[in-house]
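Subject: The structure for you to look through

Hi,

Here is the structure I said I would pass on. Have a look at it first, and then read my notes below.

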Amino acid sequence: MSNKLRFAAIVMCAVIALSVVGLVACNGDNPDTPDNPDKPEPTPIGTPLKVYSDKISSVYDVAMLTGPSGKTNTYADWGIGGTDLGFPYYDATNNKMMFLFGDTFSSVNSGSAGWRSNVLGMTSDFDASDGITFDSFVCNMPGMAKQIVDSVHDTSNEGEYTSIPTGGIELNGTHYVFYMAIKDWQNNTWNVNYCNVAKSTDGKNFVKMNNLYWLNSSAKNSRAEANVMSTLGVSKADAAGHVAPAFMQIFPYIYGDYVYMFGLPSGRSGGVKLARVLKADIESFDKYQYYYDGNWYTGAEGLAKVKNEMDEASYVVLPTVGEVCVSYNKYLEAHMMTYYTNNKIVFRTSKDLVKWSKAETIVTNAEFLQLYGGFTHEKYTSNDGKTVYLMLSKWYNYVDSSDPTGYNVRVLSFTLN
């Protein structure tokens with residue numbers, strides 16, 4: 001090879017090398033590129049399920065979360081043979097994940113023995129890729145998870161039937177659990193008397209707050225209203241200033257300086273309305289702001305704006321929505337809303353919490369008969385948010401009474417494209 005050719009080859013190699021370095025530098029600045037592009041993504045664990053959306057590459061049934069088949073046997077350890085929901089919220093003070101469950105029974109696939117309206121578990125397991133292991137549940141005796149928010153358990157359909165959590169948050173060591181006080185179940189839906197907040201400074205003992213509640217208009221001037229006044233210790237005049245039928249089921253979500261609240265009416269036939277309050281003002285009902293048609297309105301003015309169910313300007317997501325949940329997704333650099341609608345669990349995304357993308361199907365009734373719920377949390381993701389873990393509930397298995405997964409919660413995963 002001549003000297004000129006040798007020199008040209010050296011220059012060409014240098015150019016190629018610099019180009020590669022440049023490419024690596026660019027990739028390093030791209031948050032969507034893995035630190036090690038040669039490292040394969042981990043293979044999802046569990047049973048593969050049907051994929052419905054072109055936004056999703058795979059869906060897996062990972063593991064049971066509760067019941068005798070759970071990664072932790074909640075039936076044997078805490079008398080939880082059947083339960084539902086499983087709203088995760090993060091306790092930053094203690095670096096623990098808390099899980100709020102709804103009506104809970106010590107029997108398996110049968111709602112009979114050991115009825116508690118709600119129970120609270122905690123874990124230091126933040127890797128959901130093979131399921132989630134519980135450290136403990138709040139108990140009142142060894143081996144029996146206790147009801148953390150008291151319920152009247154009046155089954156006459158006139159008072160307060162049960163008190164079911166709709167979400168929770170922790171701020172500077174104080175826990176706030178939002179729950180709905182259900183009056184009755186009729187025509188395959190439920191009617192709520194009010195939504196209230198129970199407060200705890202230790203994450204174990206909760207007290208109902210008599211200033212943070214939203215009253216259903218259907219509960220006015222009835223035995224249900226009397227029950228509200230008696231349970232929370234409020235006057236009829238005070239209750240009149242808390243009427244908010246669109247906020248019977250509130251999911252709280254911390255973002256920036258605010259706690260945002262995604263509100264639903266009773267049942268699953270309504271849409272999502274939005275409120276917010278500064279974190280520092282969370283215990284001041286009059287400082288809550290309600291979103292309407294591009295603006296925020298405070299206190300009584302805001303409640304009046306969002307009262308009309310037929311006014312589309314008061315919605316951020318139109319009906320029908322059930323069991324709403326919102327979390328931040330790092331991979332999408334957006335907020336993710338999951339919820340139940342028409343026999344399936346879907347997700348939407350948003351940059352501003354107001355404008356939401358179209359719904360994408362995650363899983364349907366065809367995979368899990370009588371499914372519902374569908375809750376996520378930013379800390380239960382992998383691959384920088386590309387794979388999301390979902391807490392899914394399933395109703396009783398009436399065909400097979402021995403099914404240990406009937407009326408329990410499982411962990412699913414779905415990986416985004």
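A quick definition to begin with: a residue is buried under 20% relative accessible area, exposed over 50%, and partly exposed in between (1.4 Å probe, protein chains only). With 31% relative accessibility, C139 therefore counts as partly exposed.

Before the rest, two notes on how to read this. It is a predicted model, where local features need pLDDT of at least 70 and side-chain atom pairs count only at pLDDT 80 or more, while totals for chains, interfaces and linings use all residues. Numbering starts from 1 along each chain as its sequence is written, and side-chain values use heavy atoms, with hydrogens and water left out.

The pLDDT is the predictor's confidence in each residue, from 0 to 100. The protein chain averages 90, and 90% of the residues score at least 70. Residues 1-37 have a pLDDT below 50, and beyond near neighbours in sequence this stretch has four contacts in the model. A contact means heavy atoms within 4.5 Å. Where pLDDT is low, the predicted coordinates should not be read in detail.

Back to C139. This residue sits in strand β7 (residues 139-141); helices (H or I, at least four residues) and strands (E, at least two) are DSSP runs, numbered from the N terminus. Leaving out residues up to four places away in sequence, C139 touches W78, M144, A145 and K146. From C139 to G121 it is 18 residues in sequence and 9.5 Å in space, C-alpha to C-alpha.

Next, a sheet. Five strands make an open, antiparallel one in the order β13-β14-β15-β16-β17, where two strands pair if DSSP finds at least two bridges between them. At the edges are β13 (249-255) and β17 (295-298), each pairing on one side only. Inside this sheet, two bridges join β15 (residues 273-278) to β16 (residues 289-292), and A275 stands opposite Y290 in β16.

Now the charges. What is a salt bridge here? A side-chain nitrogen of Lys or Arg within 4 Å of a carboxyl oxygen of Asp or Glu. The structure holds twelve of them. In one, K236 meets E225 at 2.7 Å, N to O. K236 is in helix α4 (residues 236-240) and E225 in helix α3 (residues 223-232), eleven residues apart. K236 is partly exposed at 41%, whereas E225 is buried at 2%.

Another joins E323 to R268, with the closest N and O atoms 2.8 Å apart. E323 lies in strand β18 (residues 322-329) and R268 in the loop between β14 (258-264) and β15, so this pair ties together parts that are 55 residues apart in sequence. E323 is buried at 8%, and R268 is partly exposed at 26%.

Last, the rings. Rings of Phe, Tyr and Trp (its six-membered ring) pair if their centres lie within 6.5 Å; planes under 30 degrees apart count as stacked, over 60 as edge-to-face and the rest as tilted. A search of the whole structure finds 34 aromatic pairs. F101 and F134 have ring centres 6.1 Å apart and planes at 65 degrees, so they are edge-to-face. F101 is in strand β4 (residues 96-101) and F134 in the loop between β5 (119-123) and β6 (136-137). Both are buried, F101 at 1% and F134 at 4%. There is also one aromatic cluster, with W115, Y161 and W395 among its members.

Cheers
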